[in-house]
Amino acid sequence: MENNHSNNPLHGITLQKMLEQLVDFYGFDTLGELIKIKCFNDNPSIKSSLTFLRKTDWARKKVEQLYIRTLPKLQ
């Protein structure tokens, strides 16, 4: 059986880890400018952002897309 996950950069990365790395790299201010959602701009925290992102598919997809674009800079 072929390993289909080898080309998926999100495989094995939790939403929490992804968000923590993005916040460490950009900070909430820049993250809120790049992805205009309230949880990044109004009293932001990892916990409140995770709660929102787990319930909201479109917002989670935006975070995943930004993470994939940022991944080369994180390494």
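Student: What makes threonine 70 count as buried?

Tutor: This is a predicted model, so everything here is computed from it. Threonine 70 has a relative accessible area of 0%, and buried means under 20%, so threonine 70 is buried.

Student: Where does threonine 70 sit, and what does threonine 70 touch?

Tutor: Threonine 70 belongs to helix α4. Leaving out neighbours within four places in sequence, threonine 70 is in contact with Leu22, Phe25 and Tyr26.

Student: And glutamine 21, why is that one called partly exposed?

Tutor: Its relative accessible area is 25%. Glutamine 21 is in helix α1 and touches Tyr67 and Leu74, not counting residues up to four places away in sequence.

Student: How far apart are glutamine 21 and threonine 70 in sequence and in space?

Tutor: They are 49 residues apart in sequence, with 9.6 Å from C-alpha to C-alpha.

Student: How do you know that α1 and α4 are roughly perpendicular?

Tutor: First, the general point: two packed helices are described by the angle between their axes and the distance between the axes. Here the axes of α1 (residues 15–34) and α4 (residues 57–74) come within 10 Å and cross at roughly 95°. Roughly perpendicular covers 65 to 115 degrees, so α1 is roughly perpendicular to α4.

Student: Which residues meet in that contact between α1 and α4, and how do they divide by class?

Tutor: On the α1 side they include Leu15, Met18, Gln21 and Leu22, and on the α4 side Arg60, Val63, Glu64 and Leu66 are among them. By class, the contact of α1 with α4 has 11 nonpolar, two polar and three charged residues.

Student: Which residues of α1 are buried, and what covers them?

Tutor: Leu15, Met18, Leu19, Leu22, Val23, Tyr26, Phe28, Leu31 and Gly32 are buried. Their cover includes α2 (38–41), α3 (46–55) and α4.

Student: Now α4. How do you know that its span agrees with its number of residues?

Tutor: The 18 residues of α4 should span 26 Å at 1.5 Å a residue, and the end C-alpha atoms are 24 Å apart, so the two values agree. α4 still has a kink, of about 35° at isoleucine 68, shortly before proline 72.

Student: Which residues of α4 are buried, and what covers them?

Tutor: Ala59, Val63, Leu66, Tyr67, Thr70 and Leu71 are buried in α4. What covers them includes α1, α2 and α3.

Student: What makes lysine 62 partly exposed?

Tutor: Lysine 62, also in helix α4, has a relative accessible area of 42%. Exposed means over 50% and buried under 20%, so lysine 62 counts as partly exposed. Lysine 62 and leucine 31 are 31 residues apart along the chain, with their C-alpha atoms separated by 11 Å.

Student: Why are α3 and α4 called roughly perpendicular?

Tutor: Their axes come within 5 Å and cross at roughly 115°. The class runs from 65 to 115 degrees, so α3 counts as roughly perpendicular to α4. The contact of α3 with α4 has five nonpolar, no polar and four charged residues.

Student: What makes asparagine 43 exposed?

Tutor: Asparagine 43 has 67% relative accessibility, and exposed means over 50%, so asparagine 43 is exposed. Asparagine 43 lies in the loop between α2 and α3 and has a positive phi of about 50° although it is not a glycine.

Student: And the chain as a whole, how many helices and strands does it have?

Tutor: Four helices and zero strands, in the pattern α-α-α-α along the sequence. Buried residues make up 32% of the 75 residues.

How values were computed. Residues are numbered from 1 along each chain as its sequence is written. This is a predicted model: local features need pLDDT of at least 70, side-chain atom pairs count only at pLDDT 80 or more; totals for chains, interfaces and linings use all residues. Side-chain values use heavy atoms; hydrogens and water are left out. Axes are lines fitted to C-alpha atoms, for helices over the stretch in contact, and angles run from 0 to 180 degrees between N-to-C directions. Helices (H or I, at least four residues) and strands (E, at least two) are DSSP runs, numbered from the N terminus. Angles under 35 degrees count as roughly parallel, over 145 as roughly antiparallel, 65 to 115 as roughly perpendicular and the rest as oblique. Contact means heavy atoms within 4.5 Å. Ala, Val, Leu, Ile, Met, Phe, Trp, Tyr, Cys and Pro count as nonpolar, Asp, Glu, Lys and Arg as charged, and the others, Gly among them, as polar. Buried means under 20% relative accessible area, exposed over 50%, partly exposed in between (1.4 Å probe, protein chains only). The expected span of a helix is 1.5 Å times one less than its number of residues. The bend at a residue is the angle between axes fitted to the seven residues ending there and the seven starting there.
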